[in-house]
Amino acid sequence: MEIRAEEISRIIRSQIEGFDAQVDVAEVGTIISVGDGIARAYGLEKVMAGELVQLGEGDRSVMGLAFNLEEDNVGIIILGSSDSVKEGDQVKRTGKIMSVPVGRQFIGRVVNPLGLPIDGKGPIKADTTNPIERIAPGIVDRKSVHEPMQTGLKAIDSLIPIGRGQRELIIGDRQTGKTAVAIDTIINQRETGVICIYVAIGQKRSTVAQVVKTLEQYDAMKHTIIISATASDPAPFLFLAPMTGAAMGEYFMWHGQDGKPSSKTNAGGHVLCVYDDLSKQAAAYREISLLVRRPPGREAYPGDVFYLHSRLLERACKLSDERGAGSLTALPVIETQAGDVAAYIPTNVISITDGQIFLENDLFNSGIRPAVNVGISVSRVGGSAQIKAMKSVAGSIKLDLAQYRELAAFSQFGSDLDKATLAQLNRGQRLVEILKQGQYQPMPVEKQVVSIWMATNGYVDDIPLPHVRRFEKELLEYLEVNAPEVLRGIRDSKVVSDEAKVALKDNATAFKEDFMSQLTSPTGA
Ligand SMILES: Nc1ncnc2c1ncn2[C@@H]1O[C@H](COP(=O)(O)OP(=O)(O)O)[C@@H](O)[C@H]1O
Ligand SMILES: [Mg+2]
């Protein structure tokens, strides 16, 4: 057979012309199996890990996340109800990495991990979208942590201070007050301009509703976004929720008040992200991973659960001045079983964070609330973020408490103790009282400083133990009325000046005389 030269060129030309059209065709695959919120599909050779795909067509379609890329098929997490998709349905690539809507309009709202409102207050107009996974800022873009993130809790702000941009773990068994610490911290941001994001993972719907109600009651929803993936939501939602929280937080950190990117002249925002709790996220991740048949590792968790948490927590940072000096502080929560901090997930997250706040059942039950074990809790960076006034009083309380703990262990056995030992025990018991604090009563730093200054300078040593907390409360009220300038001075200058010390001494002595005379008078009046 003879082929003419012009025919060959025609064939080649038509093939070249057709080449473009072929590439343009959206890549479409077919579902080969669906179940437990996971679909497998073939024919999506070029799909990216973490890409958003559309399963099914028209009204019945639902979005999915390409999660597991295997040689001949793709494991897809279905984001929504899997009832409407079935074997043989189409899967379409979108070419987009999964993102969530973000922006200022989200403040005050309750949303699901896809950024859709679930508080019945209508649709939310997003400023833009942010990818749920983002490489954490590099070293050049960062600056060291140097501003305090006040929790308003004396036990934490004095002994385990947290800085803006830090990652501090809250760890303890269930019902030890972990959520309480986080909520108090959010309430304490009312006047600081810090935007708070509370991510509820795997909690009961009623518990989340209670959190929303509490925050509303204390006027704290106006600076807070709640992202909720409850225990009744599908596992992928629990897995995504913390990343959605980080994506929403990053928006505020990288943008100024005006919504424009932050820069040297346009200060970025300060954000606090609470992930309550990451144990539930790890369990959801384990569930998904086992369903897509990833090999299980220690405690049946997939090998990369450490990487999952480190990617998330690395996103907390303090940006450099060139980048607008915004910050994202992360307070991840981990629930332990019977105080076992050596389990897989707790040890992972302990090693990723910059310190941990240990909450203990025994302390909680003996009435020490917040039930912080100050002996083993640490903050590895916050010290540099403490204001001078707090730093100066915190040094002595740390020492006094350490001595008290040592003595208390021994004194249980002996009965005749010398005077010095008794005095130290006495002081320690009162310091423990002073560090107790009720829920929803975060305290401004200047009052914390005064309380601790009084206690470490012996003003409460002779107050009977059951009256210590009342003494503290009434003394602060007395100062507010009789010496407001002292409190204001500490707040504004961030130090306890010599004049302030004299004023505190005088006022405390005057008030105490009155307080003691009431205690001893038979009528108690
Ligand atoms: N400082 C506190 N003073 C009094 N009660 C507290 C305090 N902190 C927590 N609680 C109470 O203890 C219970 C458990 O607290 P929660 O924060 O829900 O624990 P967790 O999150 O560790 O399970 C709640 O009923 C809460 O009101
Ligand atoms: Mg809780």
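Two residues are in contact if their C-beta atoms, placed from the backbone, lie within 7 Å. Keep that in mind for the exercises below, and remember that this is a predicted model.

**Exercise 1.** Work out which residues of helix 14 meet which residues of helix 15, and how the two helices cross.

*Solution.* Start by finding the helices: helix 14 covers residues 484–493 and helix 15 covers residues 498–520. Next, look at the contacts. On the helix 14 side you'll find Val486, Gly489 and Ile490, and they meet Ala500, Ala503 and Leu504 of helix 15. Sorted by class, this contact has five nonpolar residues, one polar and no charged ones. Now for the geometry: the axes come within 10 Å and cross at roughly 145°. The crossing of helix 14 past helix 15 is left-handed.

**Exercise 2.** Is Leu69 buried or exposed, or something in between?

*Solution.* First place Leu69: it sits in strand 4, residues 62–69. Then count neighbours. Leu69 has 15 C-beta neighbours inside 10 Å, so it counts as partly exposed; buried would take 20 or more, and exposed 12 or fewer. Leaving out residues up to four places away in sequence, Leu69 touches Val47, Ala49 and Val74.

**Exercise 3.** Describe the shell of residues around ligand 1.

*Solution.* Begin with the 13 residues around ligand 1, of which Gly177, Lys178, Thr179, Ala180 and Arg369 come nearest. Then sort the shell by class: two nonpolar, eight polar and three charged. Last, ask where they come from: helix 3 (residues 178–187) gives the largest share, three residues.

Terms used: Residues numbered from 1 in each chain as written. Chains lettered and ligands numbered in written order. Predicted model: local features only at pLDDT ≥ 70, side-chain atom pairs only at ≥ 80, totals over all residues. Near = placed C-beta within 6 Å. Helix = DSSP H or I, 4+ residues; strand = E, 2+ residues; numbered from the N terminus. Nonpolar A, V, L, I, M, F, W, Y, C, P; charged D, E, K, R; others polar. Axes fitted to C-alpha atoms, helices over the stretch in contact; angles between N-to-C directions. Left-handed = near helix turned anticlockwise from the far one by under 90°.
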